[in-house]
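Trainee: I would like a close look at one part of this model, with the terms spelled out as we go.

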Amino acid sequence: MSPGQYIDPAASRVTFRQYAEKWLSTRVTDVTTRESVDSTVRGHAIPYLGSRPLGSFKPEHIRDWLSKLERAVQVSTYRRVIYNNVPTILNAAVADGHLPKNACHARSLRPPAAGNGRVVPWPSAWPKPPHAGVISVPVELCDDAASHTGKSDRPAGQLLSAAAAKFGRGSGRCVTLRPIGTRTEAEDNLSTEVHVSITPRGMSVQEAYRLFRDDSLLVNRRYQRKLVWAVAEKQLLIRSILDGYPIPLILLAERPEIHGAGKYEIIDGMQRLDAIFSFIEQSFDYEGMYFDLNQSARARQAANAGAFSPVDALTILPAEKCANILDYQLAVTIFPTHTEQQITEVFSRINSNGRQLSVQEKRQAGMLNPFSETVRSLASSLRGDVSEDVLLLHDMPSISIDSARERQQYGVKAEDTLWIRHGILNVKQLREGDDEQMVADIAASILFGEPFAASKEAFDELYDTSNEKYRRLDRTLAAYGIKRLESEIQTTFSVLSEVIDSELTPPNGLRNLVRPGGSNPIRTPFYAIFMAFFELIVKQQKSPDDYAAIIAALRNVGQRLKTGRHYISTEDRVSNIDAVTGLIQRYFVAKVPPVFGHGPGLALDFENSLRRSRIETSRYEFKQGLLRLDDRRQWDDAIIGRLAETICGIANVKPRVDGYLYLGVADKESDAARIKSVDRIEPIAVGPHHVVGVDREARNKKISLDNYVQRFVARISQAGLSEPLSPQLLSNVDTIEYKGLSVIRILIPGQSDLSYCNDAVFVRRGSSTERIDDVKQVVALGRQFA
């Protein structure tokens with residue numbers, strides 16, 4: 001003890017645990033940092049040092065703890081994050097008179113290496129690395145990766161492949177880790193270098209789950225794919241966590257100017273995070289055992305609130321193992337960025353050669369040009385997984401693809417899509433994005449004005465910014481118009497689906513028709529059939545008149561078509577399209593109105609609205625009809641006023657964003673059952689909704705469907721909606737023919753100004769409509785439209 005220095009014996013007997021708990025509870029900092037520090041101190045310091053009195057600390061005790069920490073935590077950068085909290089706590093204890101000096105300051109003590117914590121996105125001017133996907137990280141993390149894979153791959157620039165071989169495919173894609181401070185000769189010749197300063201840190205699963213349930217983890221569909229891991233892959237990740245193995249880095253992007261503070265886009269690690277959180281929420285088991293919800297207050301709270309449905313599990317994971325999962329430290333990097341281009345560049349570099357990505361996914365990764373965006377949007381529409389570009393992570397299951405084999409309760413059933421229903425593709429191809437390549441094929445053919453000469457190399461050129469085909473496609477799309485292209489492809493697909501589904505029975509109905517006895521997907525026949533329908537419906541403005549005759553004409557057509565294993569020429573494809581058109585054109589006729597833009601041509605949009613409404617409930621409203629469901633079946637005169645208020649509320653959801661009102665769709669199962677009984681029709685279930693049509697009400701009142709629609713339009717026009725909403729609304733009423741039932745669709749155009757109904761303001765709260773009377777709330781809402 002230094003001369004004149006006195007330490008109260010009682011104060012020196014206070015244990016590290018007692019003082020650390022007090023220190024943690026009195027720190028003032030942001031929530032995320034506080035929880036991170038809490039997690040590291042409670043998880044890695046208190047269990048080893050907690051019982052030791054503060055006055056007894058010597059450097060040897062810290063060295064002993066660091067030795068144990070090295071065995072428990074492989075990544076030295078993260079060990080340094082853990083270690084840094086201990087000298088900070090001991091500094092405070094010295095200041096408070098609990099011990100004379102900080103044992104961590106001894107010269108004989110060597111703390112874990114810190115690393116410099118910089119991520120360097122690989123600029124396109126640099127030579128492409130052999131493993132492509134690159135994140136630059138501190139060299140210590142690369143060394144740890146090498147020790148665990150048992151393999152070192154260090155070409156120029158000391159590139160190291162952090163292969164996930166030891167942890168199985170379920171642990172994530174391979175990512176090339178580039179040690180900071182190592183440069184190639186080509187890099188040295190660059191005049192500038194862009195660095196993003198970040199600090200890698202540990203984040204407990206418990207903290208990550210809190211972000212998940214607080215709606216703070218976002219997925220940007222412009223560069224992220226869907227959930228694709230099978231249950232077996234998810235289980236393997238849980239095994240890695242329980243065995244204490246490190247799993248690959250989670251990379252998040254922070255964009256406060258876009259999403260607000262505390263919100264993070266997931267750049268890399270979405271599949272891993274989903275696997276962990278879905279295990280906590282009992283979506284699957286591990287070795288027959290389910291996570292015990294009683295071990296996580298937040299998960300139990302979410303279950304009680306209806307966020308997910310717990311299983312009636314007979315066997316649950318032991319409490320100790322559940323705690324190990326919640327305490328497990330994820331390696332997380334939060335990457336501040338101001339532009340989406342920065343994010344997509346990093347995402348592209350990470351994923352361009354990832355071994356789990358398909359060829360088409362590699363093309364789309366990081367591409368934000370109009371053509372790739374249009375392909376992505378169209379493919380999503382045709383699959384039925386349309387949504388906003390940015391979703392919450394916990395909404396991703398609703399737009400991801402499930403199959404009869406996996407049964408993960410995802411929102412899009414592979415077998416319900418036309419691609420799988422009729423054997424055009426198989427489930428694996430659909431999940432890997434092959435449908436997007438088919439959409440790109442069709443879109444390029446339409447834009448170029450002739451069938452695209454298809455091959456892997458030719459498709460690659462469409463996504464190569466240095467290629468003339470890419471630039472030509474970009475110019476042509478700008479002239480043709482994105483909305484026009486989307487409308488033409490969606491309408492053709494919708495009508496083709498109507499014809500096929502009306503005459504052919506799944507599974508593999510179309511495949512069995514055009515190539516009887518075949519088991520392979522039918523890409524070539526489908527392309528020819530689609531382009532023949534496009535010629536007749538869009539270019540010639542004709543409509544299919546005899547569905548049965550069209551299907552009969554296509555029987556065994558596959559044998560007549562020219563095919564190529566890896567390449568098919570424009571000339572051969574023209575021949576194929578002409579052959580199919582010649583077989584079916586006599587069964588198409590001119591009608592008024594034509595099918596393009598009317599009737600069955602809107603069916604695809606209708607199905608997508610039904611699915612999309614599960615996430616964006618405030619923009620959609622469904623009503624079974626305009627008649628009461630009692631025995632008298634009279635007009636419900638009060639419903640027009642309520643519908644006008646709902647339309648006003650939908651118009652006020654967000655500036656310049658469209659909404660929809662549908663008549664002929666029951667959103668309650670009890671209403672659907674009642675309609676089935678009184679109107680003697682069979683409701684068609686689409687998700688939680690039941691399509692019942694309005695034809696039954698027109699028949700009940702002995703009027704035509706046109707008169708029924710005119711009656712509705714006349715009354716809604718007098719319901720007190722403000723301008724310009726009211727006149728715009730009346731020009732956007734359509735009738736959709738859906739599997740023999742007629743549904744009225746009212747498009748509610750996005751508005752630039754606040755809308756009113758009878759001088760009152762209405763808003764949507766989820767699927768409910770509320771009147772706003774508070775002047776301050778009305779003013780605040782009006783500012784959103786300013």
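Which residues touch the most other members of the largest nonpolar core?

Mentor: A word on the source comes first: this is a predicted model, in which local features need pLDDT of at least 70 and side-chain atom pairs count only at pLDDT 80 or more, while totals for chains, interfaces and linings use all residues. Residues are numbered from 1 along each chain as its sequence is written, and side-chain values use heavy atoms, with hydrogens and water left out.

A nonpolar core here is a set of buried Ala, Val, Leu, Ile, Met, Phe, Trp, Tyr and Cys residues joined through side-chain atoms within 4.5 Å, where buried means under 20% relative accessible area, exposed over 50%, and partly exposed in between, with a 1.4 Å probe and protein chains only. In the largest such core, which has 71 residues, the members that touch the most others are Phe-371, Trp-419, Leu-510, Phe-526 and Ile-584. The element that gives the most to this core is helix 24 (residues 523-539), with 12 residues; helices (H or I, at least four residues) and strands (E, at least two) are DSSP runs, numbered from the N terminus. Taking Ile-584 and leaving aside its neighbours within four places in sequence, one finds it in contact (heavy atoms within 4.5 Å) with Ala-532, Phe-533 and Leu-536, as well as with Ile-550, Ala-553 and Leu-554. Another core lies apart from this one and has 49 residues, including Val-228, Ile-241, Met-289 and Leu-391. As a general matter, nonpolar side chains tend to be buried together in soluble globular proteins.

Burial can also be followed along one element: helix 27 (residues 603-612) is largely enclosed by the rest of the structure, because eight of its 10 residues are buried. The buried residues of helix 27 are Ala-603, Leu-604, Phe-606, Glu-607, Asn-608, Ser-609, Leu-610 and Arg-612.

Ser-204 has its place in strand 6 (residues 201-204) and, not counting residues up to four places away in sequence, touches Ser-39, Leu-326, Asp-327, Tyr-328 and Gln-329.

For contrast, Arg-680, in the loop between helix 29 (669-679) and strand 21 (684-686), counts as exposed at 77% relative accessibility, and has a positive phi of about 55° although it is not a glycine. Lys-739, in the loop between strand 23 (733-738) and strand 24 (741-748), is partly exposed, with a relative accessible area of 48%.
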